[in-house]
Amino acid sequence: MQFTSSWRSPSNIALIKYWGKHGIQLPHNPSLSFTLSECHTNMHMQVMPNASSPGLDLKYDGKDAPAFRPKMKAFFDRLADHLPWLASSAVLIDSVNTFPHGAGIASSASAMSAAALCLADIDDQLNGRVTSLSNEWIKRVSRFARLGSGSACRSVFPIASIWGKTANVEESTDEHAISWSEQVSPLYHDYRDTILIVSSGEKSVSSSAGHELMNSLPYAQTRYAEAKNNIQSLIEIMRTEDRVEEFISICESEALQLHALMMSGKNPYVLIEPNTISIIKEVWQYRKETNIPVCFTLDAGPNVHLLCPASFIVPVQDWVNTTLVQYCAGGVYIPDRTGNGPVKLI
Ligand code: PMV
């Protein structure tokens, strides 16, 4: 007997960053992210339970992709208690991303959340349950996704989500993310994220190594406290549409703190590139000159996420084309926006 499932799942961009973990993929501080729309993974999974030769076969766009195996294998091992059939199954995964792999666009977020969706769907089929996309079901998926990659647990909710125990946020937990779309002003339901690809190469240092670095950083506790303060402020700021200046201040500070952490360990490293800095300076100058509320955030890589309300996208796009495109590798950028979360594919 063979079971199949196909899902599209998006990437997400954290505004309040998760950097530092303990236990089994548990965060040291809560994070808040926008779910993206255009940057996603399409995944097809086939499972043959009780197979004569159990194992994991990974393909990327139809071609063998052994490089993804260690991370997916670790994910499957962590799921053993939740999905006991997995260990004796032959699993085939074929996926494709709509964005360059490993360039600080959270490919693990979209890929691991897509895998979690397929696995939860197949678990329902195996146990004769009709999958209902209930709140409980999606939280279960988010918990699974967290075991693959922490940030992945935030990708399964539309618009915005919070992961990690957060003061004054009922139901927030370190175990899985929760939806945060109803609590944010309509302004943030159509926020634009133009992703400027400064480099599409592989990251030189993995995010696992970055999380590890936090364990020996003298500023770690200060950073976790700062993230907790920032998320409290951001939650209030995003409830209304008239506090965008404060939104900008927190987003940019969080982005630069993430990279400052990488630069301040015993074995420091730098993931931003000269063009990342050039773009940041252009953003500050453009905002000063035009009063257009555009700001940047960064993931664990050199690319710049340019955020603005939808009503400003025309001038911002013009400015990207005339001024910022020179800093993008091969002139490439990805026009993205807040999105509605995963979609089951037929
Ligand atoms: O999900 P991981 O373990 O790859 O960590 C990702 C951490 C950041 O992307 C840098 C920040 C975040 O909260 O997404």
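**Charged pairs, rings and ligand**

Author: Asp190 and Arg192 form a salt bridge in which the closest N and O atoms are 2.9 Å apart, the term meaning a side-chain nitrogen of Lys or Arg within 4 Å of a carboxyl oxygen of Asp or Glu. The model is a predicted one, in which local features need pLDDT of at least 70 and side-chain atom pairs count only at pLDDT 80 or more, while totals for chains, interfaces and linings use all residues. Residues are numbered from 1 along each chain as its sequence is written, and side-chain values use heavy atoms, with hydrogens and water left out.

Elsewhere, salt bridges with shared partners connect Asp123, Asp124, Arg129 and Arg140 into one network, and the count of salt bridges comes to 15. Another salt bridge joins Arg143 to Glu175, with the closest N and O atoms 3.1 Å apart. This pair links distant parts of the chain, since Arg143 lies in helix α3 (residues 135-148) and Glu175 in the loop between β8 (160-163) and β9 (177-179), 32 residues apart; here helices (H or I, at least four residues) and strands (E, at least two) are DSSP runs numbered from the N terminus. Arg143 is partly exposed, at 28%, and Glu175 is partly exposed, at 31%.

Turning to the rings, the structure holds twelve aromatic pairs, where rings of Phe, Tyr and Trp (its six-membered ring) pair if their centres lie within 6.5 Å, and planes under 30 degrees apart count as stacked, over 60 as edge-to-face and the rest as tilted. Tyr191 and Phe247 have ring centres 5.3 Å apart and planes at 65°, so their pair is edge-to-face. It connects strand β10 (residues 191-196), which holds Tyr191, to helix α6 (residues 244-262), which holds Phe247, across 56 residues. Tyr191 is buried at 1%, and Phe247 is buried at 0%. The rings of Tyr286 and Trp319, by contrast, are stacked, because their centres are 3.9 Å apart and their planes stand at 5°. Tyr286 belongs to helix α7 (residues 274-290) and Trp319 to helix α8 (residues 313-324), 33 residues apart, and both residues are buried. Tyr191 and Phe247 also belong, with Phe34 and Tyr188, to one aromatic cluster.

Finally, the ligand is surrounded by 14 residues, the closest being Ser149, Ser151, Arg154, Ser207 and Asp299, where a surrounding residue has a heavy atom within 4 Å. A polar side-chain atom of Ser151 lies 2.6 Å from a ligand oxygen atom, one of Ser207 lies 2.8 Å from a ligand oxygen atom, and a backbone N or O atom of Tyr18 lies 2.9 Å from a ligand oxygen atom. Taken alone the ligand exposes 380 Å², of which the protein buries 95%, with accessible areas from the Shrake-Rupley method with a 1.4 Å probe.

Definitions and conventions
Polar contact = N/O pair within 3.5 Å; in protein donor to acceptor, adjacent residues only side chain to side chain. Buried < 20%, exposed > 50% of the residue type's maximum accessible area, 1.4 Å probe, protein only.
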